[in-house]
Amino acid sequence: MVLLFGIVRRLGKTWWVWGSVLMIVFTALVSLIAPVYISPLFNQYKILQDARVKDPILQMARANGIPAKDVYEFDASKQSNRVSANVSGFAGTMRISLNDNLLNRCTLPEIETTMGHEMGHYVLNHAYKGLVMFGVVIVIAFALLNWAINFALARWGEAWDVRGIGDVAVLPLAAIVFSLFFFLTTPVGNTITRTMEFEADMYGLNAARQPDGEANVDMMLGEYRKLDPGPVEEFIFYDHPSGRTRITAAMQWKAEHPETASTEELNRPLFTGTAGVSKN
Ligand SMILES: [Zn+2]
């Protein structure tokens with residue numbers, strides 16, 4: 001806020017361009033730095049030792065061009081029982097983390113498909129693409145904010161005793177305009193993230209090849225997200241695909257990859273007429 005008012009007072013009419021640049025830089029810093037420098041303030045991170053989990057994750061990371069040497073686990077169970085993980089950072093801060101709920105509640109295929117999803121975010125550069133797309137929304141928000149404040153002050157500025165756009169008394173008005181804008185553009189923001197989340201799902205299915213594990217984890221998300229919303233509800237309110245969308249995609253993937261079917265199915269004789277095999 002201090003920086004923003006500094007910009008407003010020094011740069012005059014073009015303040016909203018530089019204001020949006022400031023906000024984009026701030027968002028970038030928070031999203032790129034938070035996982036490595038801020039998250040550890042709230043949770044304890046330690047190197048995952050269990051080779052049964054660590055080895056397949058690092059194997060998948062190497063196969064997908066991710067330069068990771070360790071996997072970290074963190075104690076998210078002290079805040080909730082939600083399963084989650086992330087692959088984050090850039091340059092020297094690259095890090096694969098998964099939370100203890102995932103370790104305690106899930107099978108290896110479920111962990112693998114979750115990590116495949118997170119690796120998808122990393123490989124597909126979703127942090128940077130998201131920043132560009134939200135950057136556009138932020139520029140529009142600031143342009144609107146500039147227009148709305150000038151419009152309101154020209155009419156009611158004197159009655160409100162607000163002496164121009166550089167007066168801190170303009171802050172409540174700015175908060176109302178910004179809140180209203182981001183409320184009305186909820187479907188835009190949600191669609192940006194939901195689209196990338198679906199891409200990460202598809203990446204995870206292809207990387208981990210665990211469609212059943214994926215469907216199981218999606219069911220767990222049903223603990224805090226409605227699994228089967230209507231299409232309009234999903235479009236407006238969902239920042240991730242619904243459980244129904246994700247499970248349908250996993251089952252479609254499974255149907256198109258018969259070679260990954262369970263060993264029981266693979267071991268079933270195909271063309272013999274032996275007992276137990278129906279002939280239809
Ligand atoms: Zn995701």
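Which helices each supply at least two residues of the lining of the second largest pocket? I found α1 (2-11), α2, α6 and α7 (171-184). Helices here are DSSP runs of H or I with at least four residues, strands are runs of E with at least two, and both are numbered from the N terminus.

Notes on the source. This is a predicted model, in which local features need pLDDT of at least 70, side-chain atom pairs count only at pLDDT 80 or more, and totals for chains, interfaces and linings use all residues. Residues are numbered from 1 along each chain as its sequence is written, and side-chain values use heavy atoms, with hydrogens and water left out.

Second largest pocket. A pocket is an open set of points on a 1 Å grid over the protein atoms alone, where a 1.4 Å probe fits, with protein on both sides within 12 Å along at least five of seven lines. Lining residues have an atom within 4 Å of a point. I read off about 410 Å³ of space. A volume is the space filled by probe spheres set on the points, which are joined across faces, edges and corners. The lining has 19 residues, and Met1, Leu4, Met23, Phe142 and Phe178 lie nearest the centre. Helix α2 gives the largest share, five residues. By class I noted 18 nonpolar, one polar and no charged. Nonpolar covers Ala, Val, Leu, Ile, Met, Phe, Trp, Tyr, Cys and Pro; charged covers Asp, Glu, Lys and Arg; the others, Gly among them, are polar.

Largest pocket. I looked up its space next: about 1300 Å³. It is lined by 43 residues, with Ala85, Asn86, Glu118, His121 and Glu197 nearest its centre. Elements giving two or more lining residues include β3 (85-88), α5 (108-123) and α8 (186-208). This lining has 16 nonpolar, 18 polar and nine charged residues.

Zinc site. Which protein atoms are donors of the zinc ion? They are His117 (NE2), His121 (NE2) and Glu197 (OE), 1.9 to 2.0 Å away. Donors are N, O and S atoms within 2.8 Å of the metal (3.2 Å for Na, K and Ca); water is not among the atoms, so sites may look incomplete. The spacing along the chain is H-x3-H-x75-E. His121 lies in α5 and Glu197 in α8, so the pair ties together parts 76 residues apart in sequence. Both His121 and Glu197 are buried. Buried means under 20% relative accessible area, exposed over 50%, partly exposed in between (1.4 Å probe, protein chains only).

Asn190. This residue lies in helix α8. Asn190 is buried, at 13% relative accessible area. Leaving aside neighbours within four places in sequence, Asn190 is in contact (heavy atoms within 4.5 Å) with Phe235, Ile236, Phe237, Tyr238 and Asp239.
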